[in-house]
Amino acid sequence: MEIGMGWIDSHCHLDFAEFCQPAELYARLKEAGCGGVLVPAISAQYFPRLLAFKESFAGANSGFVNIALGMHPYFLSEHQEQQLPLLDEYLASARPLAVGEIGLDFALEAHGFASQLWWFEQQVRLAMKHQLPIVVHCRKAHDQLACVLRRLKFRHGGIIHAFSGSSQQAHKYLQLGFVLGLGGALTYDRAKAMHRMVAALPAHGYVLETDSPDMPPAFARHEINSPLNIPKIAECIAQLRGEPRQRVYADSTQNFMRAMQLSA
Ligand SMILES: [Zn+2]
């Protein structure tokens with residue numbers, strides 16, 4: 001697996017129907033300095049589509065599209081127990097960079113919490129079996145999530161995607177071996193607490209992401225979000241941290257490589 005120099009969108013769903021012309025997008029991304037993307041899965045029924053998308057970038061472009069495989073807590077009603085051995089097989093045969101996106105979303109209806117915890121734990125166990133990091137979606141459940149990771153003694157780290165918590169929560173995740181995904185949410189003027197958290201993060205603590213096509217940044221709030229928005233997001237981070245944008249690119253790319261167990 002090789003990721004060239006440049007910035008990386010560590011979380012975008014480019015296999016979704018919104019991106020109907022991936023070849024054109026690829027050319028524009030290369031021009032804008034993108035060195036690679038990580039596309040996480042959301043549901044097992046789309047694993048074949050995601051693998052086909054990655055394979056469409058074979059040859060000279062291989063390594064540009066990286067994938068994670070897992071089942072997202074939003075789509076709990078789609079997941080079936082027999083898909084866990086299927087995920088296990090895919091992790092062995094497709095060798096994704098990580099298990100994801102998986103996690104806990106306690107902003108959703110309360111009756112699914114026990115089930116969300118079960119699915120999260122099963123998939124963390126698979127990540128441990130295959131010695132892979134995880135790509136995590138977490139809302140209103142940071143303590144519960146950390147509790148599962150500690151109990152299972154999970155040591156492979158990964159990315160806490162779309163992180164918008166406090167500096168204190170950030171610090172806890174860094175101690176658990178994770179990096180934090182920073183994206184469009186921080187481009188909003190009202191996100192003052194987030195601005196303070198971003199300014200205070202250590203250089204080794206974050207990666208860049210868009211979560212495209214969702215979560216459009218303030219400067220493109222009525223558009224379909226795309227990884228092409230990363231340079232402006234990076235510029236916001238650079239201003240908050242009082243650093244040049246190139247520093248943000250260099251640190252976040254290096255952090256991505258480390259978190260995904262890739263050698264730089
Ligand atoms: Zn996502």
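Predicted model: local features only at pLDDT ≥ 70, side-chain atom pairs only at ≥ 80, totals over all residues.

Reply: K153 sits in the loop between α5 and β6 (158–161). Its phi is positive, about 55°, although K153 is not a glycine. That positive phi comes just after α5.

Now step back into the helix itself. Helix α5 spans residues 142–151. Which of its residues are buried? They are H142, L145 and L149. These three cover an arc of only 65° around the axis, so they lie on the same side of α5. The spacing fits a general rule. An α-helix has 3.6 residues a turn, so residues three or four places apart point the same way.

The other face reads differently. Turned away from the buried side of α5 are the exposed residues D143, C147, R150 and R151.

What covers the buried residues of α5? The cover includes two strands, β4 (98–105) and β5 (134–139). It also includes two helices, α4 (113–129) and α6 (167–175).

Take α4 next. L117 is found in this helix. Leaving out residues up to four places away in sequence, L117 touches L104, Q144 and V148. L117 counts as partly exposed, because it has 18 C-beta neighbours inside 10 Å, and a buried residue needs 20 or more. A203 is 86 residues away along the chain, and the C-alpha atoms of L117 and A203 are separated by 31 Å.

E101 lies in β4. The peptide bond from G100 to E101 is cis, with omega near 5°. A cis bond also joins S212 to P213, again with omega near 5°. P213 belongs to the loop between β8 (206–208) and α8 (230–241).

Q261 is not a glycine either, and its phi is positive at about 55°. Q261 is in the segment after α9 (245–259). Is Q261 exposed or partly exposed? Q261 counts as partly exposed, because it has 15 C-beta neighbours inside 10 Å.

Key: Residues numbered from 1 in each chain as written. Buried ≥ 20, exposed ≤ 12 C-beta atoms within 10 Å, placed from the backbone. Helix = DSSP H or I, 4+ residues; strand = E, 2+ residues; numbered from the N terminus. Arc of directions from axis to C-beta. Contact = placed C-beta atoms within 7 Å.
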